[in-house]
Amino acid sequence: MEVAGFLAAAAEIFGGSIPGFWPIVGLSLGVTLTAVALAALIGMPAGALLAVSRFPGRTILIVTINALMGLPPVVAGLLIFLLLSRSGPLGFFGWLFTPKAMILAQVVLVLPIVVALTRQTIEDLWREYAEHLASLDLTGIRAVPTLLWEARFSLLTGLLAGFGRASAEVGAVLIVGGNIVGHTRTMTTAIALETSKGDLPLALGLGAALLVLTLGLNILAFGVGRVGARNAG
Amino acid sequence: MNHFTRRTLLAIACLVASPIGAEAQSPAPAATIVVASTTSTQDSGLFEYILPIFTKKTGIAVKVIAQGTGQALDTGRRGDADVVFVHAKAAEEKFLAEGFSEARRPVMYNDFVLVGPKSDPAGVAGGKDIAAALAAIVAKKAPFVSRGDKSGTHMAELALWKSAGIDLAAARADWYREIGQGMGATLNTASAMNGYALTDRGTWLGFKNRGDLVIAVEGDRRLFNQYGVMAVSAKKFPHVKTREAESFVNWLTGSEGQKAIADHKIGGEQLFFPNADQPGA
């Protein structure tokens with residue numbers, strides 16, 4: 001494969017002459033951002049609670065969640081597939097081969113990352129300020145909102161890690177989404193498809209587009225973090 | 001603390017509200033059916049060509065999931081598709097016998113070709129006898145890449161070894177490489193290791209990373225590949241959209257669908273040959 005072929009493909013992709021490219025980008029971003037948002041909504045309070053509470057089995061729970069950060073996406077995909085299949089326990093939802101199933105699979109992948117990183121961040125912060133917070137009558141669960149708010153810029157990094165995992169994976173969304181053109185085809189499943197068709201320049205071009213988008217989002221998040229931290233500081 | 005809680009909630013609410021509506025981009029048509037089909041029909045561009053014609057006529061949108069034949073039939077068995085459209089007659093008849101569909105209708109056929117490197121280490125290029133070619137590959141221990149994924153093409157390949165009188169279980173060694181992936185991935189692998197592979201002609205014509213691969217054997221009757229279509233039984237799965245599924249099956253096997261199939265060409269070459277009216281196909 002020549003460099004020229006790749007450059008031509010990249011130019012075509014960004015020039016908009018690949019039909020359906022922007023809907024694919026839209027779907028990929030929509031699914032992944034929704035999954036990360038849901039994971040944040042559940043995972044940040046859960047991680048913070050885990051950081052400030054003490055109960056039997058806590059260590060085992062923490063180790064399990066840490067281990068789940070390494071859950072292979074295909075396994076997550078397979079589990080969601082079996083759950084959502086018409087012959088599975090949640091089949092009546094009719095979610096299989098829809099973006100909803102893809103969001104669910106990505107939440108399963110991102111949630112352990114958000115919980116684990118939040119738990120670590122909040123626990124460190126709490127250790128540092130426990131006495132100070134206690135003097136304000138903020139102990140245990142009552143300290144959680146304050147701790148989350150104070151740690152918000154560090155927590156953003158955890159969300160970015162989650163976004164990276166979700167936007168980069170192909171195994172889970174392929175299994176539960178089905179790679180249906182116009183419905184569930186994402187950047188990564190499109191790359192897998194073009195590779196299997198032997199159109200390597202186009203596959204590589206799509207890969208470059210995915211990298212550019214991820215870079216853009218990280219620049220944005222970094223900027224927000226910087227500006228926010230300065231204003232808050 | 002209330003102050004903090006409110007701002008935290010607000011921040012989270014903004015985060016949740018921001019994503020793009022994942023399903024908002026395509027206007028919902030009257031009904032949508034899911035068709036479990038094979039990679040060969042998708043990769044050859046057949047669906048891209050015929051489905052818009054069907055949707056325009058009936059208002060029924062078709063979502064295609066491209067899998068290997070074995071996997072596509074299993075998708076139907078679990079009730080996750082309304083129609084299965086595959087190519088492995090024996091496996092399709094098993095699906096019927098198990099009661100997952102009421103009827104199988106023949107649709108079209110295409111053919112397989114044996115592709116291999118220009119250097120032709122097994123000396124089979126230009127032949128018309130697939131059995132002789134396979135025997136030569138075994139004798140020379142020339143690299144052969146197999147789908148190995150229970151797809152229709154994989155089942156056809158196994159049947160061809162058998163019809164050539166070769167006991168694959170005994171003959172297979174390092175030269176026989178089973179990769180467990182789709183047709184395109186198999187061709188990519190064959191191209192990279194300069195091996196032989198059995199492929200449907202449609203995928204081959206659309207395939208762009210050929211390297212040194214060329215067609216070695218074609219035109220043997222045993223290489224013909226029949227496609228059949230079945231609506232998934234509503235008796236097994238009450239949620240399947242029987243009316244729309246039947247409408248798709250009838251269109252595909254009727255004169256309009258058959259003409260659309262015949263009209264689909266790549267580089268002027270017809271890929272699929274409609275034969276819905278051929279008894280026993």
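This is a predicted model: local features need pLDDT of at least 70, side-chain atom pairs count only at pLDDT 80 or more; totals for chains, interfaces and linings use all residues.
α2(A) and α7(A) pass each other in a right-handed crossing. On the α2(A) side, the meeting residues are A:Ser28, A:Thr32, A:Ala35, A:Val36, A:Ala39, A:Ala40 and A:Met44, and they face A:Leu155, A:Leu159, A:Gly162, A:Phe163, A:Ala166 and A:Ser167 of α7(A). Sorted by type, this contact has nine nonpolar and four polar residues, with no charged ones.

**Chain A as a whole**

Let us step back for a moment to the chain that holds this pair. Chain A contains ten helices and zero strands, so its pattern along the sequence reads α-α-α-α-α-α-α-α-α-α. Its C-alpha trace extends over about 65 × 50 × 25 Å along the principal axes. The chain has 233 residues, and 45% of them count as buried. Among the contacts in chain A with a separation of 6 or more, 78% are between residues 24 or more positions apart.

**Two partners for α10(A)**

How are α7(A) and α10(A) oriented to each other? Their angle is about 175 degrees, and their axes are 10 Å apart. The two helices are therefore roughly antiparallel. From α7(A), the contact takes in A:Phe153, A:Leu156, A:Leu160, A:Phe163, A:Gly164 and A:Ser167, while α10(A) brings A:Thr214, A:Leu217, A:Asn218, A:Ala221, A:Gly225, A:Gly228 and A:Ala229. Here the residues split into seven nonpolar and six polar, again with no charged ones.

A:Gly5, A:Phe6, A:Ala8, A:Ala9, A:Ala10, A:Ile13 and A:Phe14 of α1(A) meet A:Pro201, A:Leu202, A:Leu204, A:Gly205, A:Leu206, A:Ala208 and A:Ala209 of α10(A). In this contact there are twelve nonpolar residues, two polar and no charged.

**Strand pairs in chain B**

Now over to chain B, where the table lists some strand pairs.

| Strand pair | Sense | Bridges |
|---|---|---|
| β1(B) and β3(B) | parallel | three bridges |
| β3(B) and β9(B) | antiparallel | four bridges |
| β4(B) and β7(B) | antiparallel | four bridges |
| β5(B) and β7(B) | parallel | two bridges |

Take β3(B), residues 83-86, to begin with. B:Val83 and B:Phe85 point one way from this strand and B:Val84 and B:Val86 the other way, and all are buried. Across from B:Val83 stands B:Val35, a residue of strand β1 (residues 31-38). On the pairing with strand β9 (residues 224-232), B:Val86 has B:Gly228 as its bridge partner.

Are the residues of β7(B) mostly covered or exposed? Five of the five residues in this strand, 196-200, are buried. B:Tyr196, B:Leu198 and B:Asp200 point one way, whereas B:Ala197 and B:Thr199 point the other. B:Asp200 is the bridge partner of B:Phe112, which lies in strand β4 (residues 101-117). B:Ala197 stands opposite B:Val145, a residue of strand β5 (residues 144-146).

B:Pro143 sits in the loop between α6 (130-140) and β5 of chain B. Is this residue buried or exposed? B:Pro143 has 21 C-beta neighbours inside 10 Å, so it counts as buried, the cut-off being 20 or more. Apart from neighbours within four places in sequence, its contacts are B:Trp175, B:Arg177, B:Met193, B:Asn194, B:Gly195 and B:Tyr196. One of these, B:Tyr196, is also one of the buried residues of β7(B). For a sense of scale, 33 Å separates the C-alpha atoms of B:Pro143 and B:His264, which are 121 residues apart along the chain.

Technical notes:
Residues are numbered from 1 along each chain as its sequence is written. Chains are lettered from A and ligands numbered from 1 in the order in which they are written. A residue is buried if 20 or more other C-beta atoms lie within 10 Å of its own, exposed if 12 or fewer, and partly exposed in between; C-beta atoms are placed from the backbone. Two strands pair if DSSP finds at least two bridges between them. A crossing is left-handed if the near helix is turned anticlockwise from the far one by less than a right angle, and right-handed if clockwise. Two residues are in contact if their C-beta atoms, placed from the backbone, lie within 7 Å. Ala, Val, Leu, Ile, Met, Phe, Trp, Tyr, Cys and Pro count as nonpolar, Asp, Glu, Lys and Arg as charged, and the others, Gly among them, as polar. Axes are lines fitted to C-alpha atoms, for helices over the stretch in contact, and angles run from 0 to 180 degrees between N-to-C directions. Angles under 35 degrees count as roughly parallel, over 145 as roughly antiparallel, 65 to 115 as roughly perpendicular and the rest as oblique.
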